[in-house]
Amino acid sequence: MKKLSARRRHPLAALVVLLLALACTGGLYAVFAPADKAQADETAQSLTIEEGKKLYSVGCASCHGTGGQGTSDGPSLVGVGAAAVDFQVSTGRMPAATSQAAQIPDKPAVYTQAEIDQLAAYIASLGAGPAIPTAEQYGPEGADIAKGGELFRNNCAQCHNFTGKGGALTHGKYAPSLEGVAPKHIYEAMLTGPQNMPSFPDSTLSEQNKKDVIAYLHAVNGEETESPGGLELGGLGPVSEGLFAWIFGLGALIAVAVWVAARTAKAKKS
């Protein structure tokens, strides 16, 4: 007992007790703090969804239904995901001015980005769907431009033209120009397939493939890009180039033929 009392009275005993108390306090905080943080994140997400529901009720429910189930004026939004909402609302396609048009064009956005995030959170809560891509997914780092060009020509050029200048479709529809479109919106369009466009999920075009396509479009439509052949005729491909050849090329040949014929000896006698 005397030895134990001596140890308790040791000058370092108080320091040892203090260190043990700090270690216990830190351990308890590490155990309980993550739960508090998760609860706070869940509360914040719930508030975001609630605000998104309010915005939806005012600006979207009349066409898409009070619960996103869809109506005769608008499709169901259950399962479309946050990426579809971000694309449609950020590009101003939604809310639509009319549902009777052959195609809904892009226009200035009606909502702020914060409001768009709230709408996206609410729609995502109705059913699982593609999430909004991150900057790492659509950024240029690690992209293969040549591979992107190959993928674009095989999957997209039929409608958007081989440089993304756009093109006409049937019944008044069209593939819009991709020049100046934000990389995030191009990624979201490939992911969700808006309007007449087919979707390209990761099982069809991987994240890397989408990144490559975006890098290719930036390369061919960047401000520093110039047409290597001179006048690009709008970059619309064989239709405009063929018309130019037939109208101006063939027209020039006919004019030359008439000029030569008019100066023959027979023409002079007549």
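The questions and answers below set values against definitions.

Q: What kind of model is this, and how are its residues numbered?
A: This is a predicted model, in which local features need pLDDT of at least 70, side-chain atom pairs count only at pLDDT 80 or more, and totals for chains, interfaces and linings use all residues. Residues are numbered from 1 along each chain as its sequence is written, and side-chain values use heavy atoms, with hydrogens and water left out.

Q: What makes up the chain, and in which pattern?
A: The chain has 12 helices and 2 strands. Along the sequence they run α-α-α-α-α-α-α-α-β-β-α-α-α-α. Helices are DSSP runs of H or I with at least four residues, strands are runs of E with at least two, and both are numbered from the N terminus.

Q: Why is Asn 161 called buried?
A: Buried means under 20% relative accessible area, exposed means over 50%, and partly exposed is in between, with a 1.4 Å probe and protein chains only. Asn 161 has 9% relative accessibility, so it counts as buried. Asn 161 sits in the loop between helix 8 (157-160) and strand 1 (167-168).

Q: What makes the pair Asn 161 and Thr 163 a polar contact?
A: A polar contact is a pair of N or O atoms within 3.5 Å; within protein, one must be able to donate a hydrogen and the other to accept it, and residues adjacent in sequence count only if both atoms are side-chain atoms. The side chains of Asn 161 and Thr 163 are joined at 3.1 Å.

Q: What is the phi of Asn 161, and what is that of His 171?
A: Asn 161 has phi near 75°, a positive value in a residue other than glycine. His 171 also has a positive phi without being glycine, near 55°.

Q: How do you know whether His 171 is buried or exposed?
A: His 171 has 72% relative accessibility, so it counts as exposed. His 171 lies in the loop between strand 1 and strand 2.

Q: Why does Asp 106 get its accessibility label, and what does it touch?
A: Asp 106 has a relative accessible area of 51%, so it is exposed. Contact means heavy atoms within 4.5 Å. Leaving aside neighbours within four places in sequence, Asp 106 is in contact with Thr 91 and Arg 93. Asp 106 belongs to the loop between helix 4 and helix 5. Its C-alpha atom is 8.5 Å from that of Gln 88, 18 residues apart along the chain.

Q: Where is Pro 95, and what joins it to Met 94?
A: Pro 95 is in the loop between helix 4 and helix 5. A cis peptide bond joins Met 94 and Pro 95, with omega about 0°.

Q: What makes helix 9 mostly covered?
A: Of its 10 residues, 8 are buried. Among them are Lys 184, His 185, Ile 186 and Tyr 187. The cover over the buried residues of helix 9 includes helix 4, helix 5, helix 6 (135-138) and helix 10. Just after helix 9, Gly 193 has a positive phi of about 65°.

Q: What makes a space a pocket, and how much space lies in the largest pocket?
A: On a 1 Å grid over the protein atoms alone, a pocket is an open set of points where a 1.4 Å probe fits, with protein on both sides within 12 Å along at least five of seven lines; lining residues have an atom within 4 Å of a point. The largest pocket holds about 760 Å³ of space. Its lining has 32 residues, with His 64, Pro 75, Leu 77, Gln 88 and Met 94 nearest its centre. Helix 4 gives the largest share of that lining, 5 residues.

Q: Why is the second largest pocket said to lie between two domains?
A: Domain 1 (44-126) and domain 2 (135-221) both give residues to its lining, so the second largest pocket lies between them. The domain bounds come from an automatic or database domain assignment. About 600 Å³ of space lies in this second largest pocket. Of its 33 lining residues, the closest to its centre are His 160, Pro 176, Leu 178, Ala 189 and Met 197. Helix 9 gives the most to this lining, with 4 residues.

Conventions: Points joined across faces, edges and corners; volume = space filled by probe spheres on them.
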